[in-house]
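Biologist: Please take a close look at one helix in this chain. I would like to know how it sits against its surroundings.

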Amino acid sequence: MSNPGGAGMTTDQLRVRHVGTGHADLSKYEWLSNQHRDTYASILGHADQLLYYATAENESLGRTRLTMLHKMIQPCGPPPPTKDIDKILEQKQEENEA
């Protein structure tokens, strides 16, 4: 049975249907990466948008498609360093032992 307009759907059901909706523990970097990947995927999926970007960048369609595919790997650059408390404690213990 379908829900017209998504009425009565819980947030868990929406997250299963739409992967990029995120959750409470999602970092800013992960959220931005999802947004950028979705944008690149949309542009690659619509030939007219891809043609527009290729024309604006004065590149061929193939080169623009390849560039966007490469950008989808790490759209916002490398991930920021994490502050994992366990790693910090291990490093301090190693420094104290040495």
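Modeller: A helix here is a DSSP run of H or I that spans at least four residues, and helices are numbered from the N terminus. Keep in mind that this is a predicted model. The chain holds 5 helices and 0 strands. Read from the N terminus, the order is α-α-α-α-α.

The part to look at is helix α2, residues 28-45. Buried means under 20% relative accessible area. S33 has 4% relative accessibility and therefore counts as buried. In the chain as a whole, buried residues make up 11% of the 98 residues. What does S33 touch, once neighbours within four places in sequence are set aside? It is in contact with P75 and C76.

Now move to the packing of α2 with α3. Helix α3 covers residues 47-57. The two helices pack at an angle of about 100°, and their axes are 5 Å apart. Angles of 65 to 115 degrees count as roughly perpendicular, so α2 and α3 are roughly perpendicular to each other. From α2, the contact is made by S42, I43, L44 and G45. From α3, A47, Q49, L50 and Y53 take part. By class, this contact has 5 nonpolar and 3 polar residues, with no charged ones.

Of the contacts between residues at least 6 apart in sequence, 47% join residues at least 24 apart. The accessible surface of the chain comes to about 8200 Å², and 55% of that belongs to carbon and sulfur atoms.

Technical notes: Residues numbered from 1 in each chain as written. Predicted model: local features only at pLDDT ≥ 70, side-chain atom pairs only at ≥ 80, totals over all residues. Heavy atoms only, no water. Buried < 20%, exposed > 50% of the residue type's maximum accessible area, 1.4 Å probe, protein only. Contact = heavy atoms within 4.5 Å. Areas by Shrake-Rupley, 256 points an atom, 1.4 Å probe, with all protein chains shown as cover. Axes fitted to C-alpha atoms, helices over the stretch in contact; angles between N-to-C directions. Parallel < 35°, antiparallel > 145°, perpendicular 65-115°, else oblique. Nonpolar A, V, L, I, M, F, W, Y, C, P; charged D, E, K, R; others polar.
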